[in-house]
Amino acid sequence: MDVPLFFLAYAYLVVVLCAALGGAARLEAVQRRRESREPADPAPGGADGAEGGATREVLEVAWLSGGPLRVVDTALVAMERDGLLRMSTRLSPGGRVHLTWGRGPRTAVEEAIVRTHGEARARGASAPEVRPLRRLCGRTPEILDIGRSLRDRGLDYGLTWRWLFRVCDRVLRILTYLCFGFMAVVTVVGFVRFAHDPAWGPHILLCDALAAVAALLCGLVRHHVLPGAGDRTRAGADFARGVRRGGSGGSYAAASSTVLMLGVALDGVGCLPDAPLRELLTECGSGAGGDASWSDFFSGDGDSGSGSGGDSGGGDSGSSSCGSSCGSSCGSSSSD
């Protein structure tokens, strides 16, 4: 019985450690919120919203709703609507992003997108493709700074915690399968031994019961203790609900373009009225929900570098194509 008991002890230890990690992350977020002197809503947009573009407030809402990639999508929507870039599907079914000459970025995030687009072009492609460039833009310091600001104010967990949540979720999922496999093996082996020695009966039942409880605890910790990939802190969730109810103030409704940007920030490109464009951006990953958007961000570690190779322009993907087409239809831009 040494091997079964060792496995069960290991399983319960992993469950306890993952639960402790989730609890520590929640407590840290509460502590940061208490230490923060700022109001619950995002910091004022300041100069970022003075000359157009997605304001800091909208971009912070985007981060809370879908992480760095949702921030990129929202900024690209603003840039496309204001004529700073366009997307063409003529050379690639996935779309390529073209910057408009003579129009400069207006915010720090737009500067990051333009810079990443230029770096992608410098690697050889005439115009970057959407998906890889979108991931590259999501890793720029200007966009990651939005997440750090939210973390410091207790509105978000931060990238380090989210990476740990992702690892723990995978470990607990695998451990659940192992527990069920353990129960099957113990039952079969125990039945054989029970046929020769009935004294094995209680031991078999005990091991199966402990394994079943361990599997149940894995599920409880995964879904109720450990924050999910797209989960926000309590303060962040309260703020997002307030924005959706319109309780954050009237500043977001100042212009129709801002209303659309806020819709993209909250719900992704699914709010776009242009069906062909919405489908194209969804294929680029922009239509993903909060959990999927975060998973796409973390799983893109290998793609963002490798995508720059080849004539397809995948590596130049720093292009802002995903969001850029939000204001114009695919057909109209493809004529370029």
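Are phenylalanine 297 and phenylalanine 298 buried or exposed? Both phenylalanine 297 and phenylalanine 298 are buried, where buried means under 20% relative accessible area, exposed over 50%, and partly exposed in between (1.4 Å probe, protein chains only). The model is predicted, so local features need pLDDT of at least 70 and side-chain atom pairs count only at pLDDT 80 or more, while totals for chains, interfaces and linings use all residues. Residues are numbered from 1 along each chain as its sequence is written, and side-chain values use heavy atoms, with hydrogens and water left out.

The structure holds seven aromatic pairs; rings of Phe, Tyr and Trp (its six-membered ring) pair if their centres lie within 6.5 Å, and planes under 30 degrees apart count as stacked, over 60 as edge-to-face and the rest as tilted. Tyrosine 157 and phenylalanine 165 form an edge-to-face pair, because their ring centres are 5.3 Å apart and their planes stand at 85°. Tyrosine 157 counts as buried at 3% relative accessibility, and phenylalanine 165 counts as buried at 2%. The pair of phenylalanine 297 and phenylalanine 298 is also edge-to-face, with centres 5.3 Å apart and planes at 75°. One aromatic cluster is formed by Trp63, Trp294, Phe297 and Phe298.

Trp63 is among the buried residues of α2. Helices are DSSP runs (H or I, at least four residues), numbered from the N terminus. Eleven of the eleven residues of helix α2 (residues 56-66) are buried, so this helix is largely enclosed by the rest of the structure. Just after α2, glycine 67 adopts a positive phi of about 80°.

A nonpolar core is a set of buried Ala, Val, Leu, Ile, Met, Phe, Trp, Tyr and Cys residues joined through side-chain atoms within 4.5 Å. The largest such core has 43 residues, and Leu59, Val61, Trp63, Val71, Val109, Ile113 and Ile146 have the most contacts inside it. Helix α3 (residues 68-81) gives the most to this core, with eight residues. A second, separate core of 26 residues includes Val14, Cys168, Ala211 and Ala214.

Helix α7 has 38 residues and reaches 55 Å from its first C-alpha to its last, close to the 56 Å expected (1.5 Å times one less than the number of residues). Its buried residues include Trp161, Phe165, Cys168 and Leu172. Valine 171, found in helix α7 (residues 159-196), counts as partly exposed at 35% relative accessibility.

Conventions:
Helix = DSSP H or I, 4+ residues; strand = E, 2+ residues; numbered from the N terminus.
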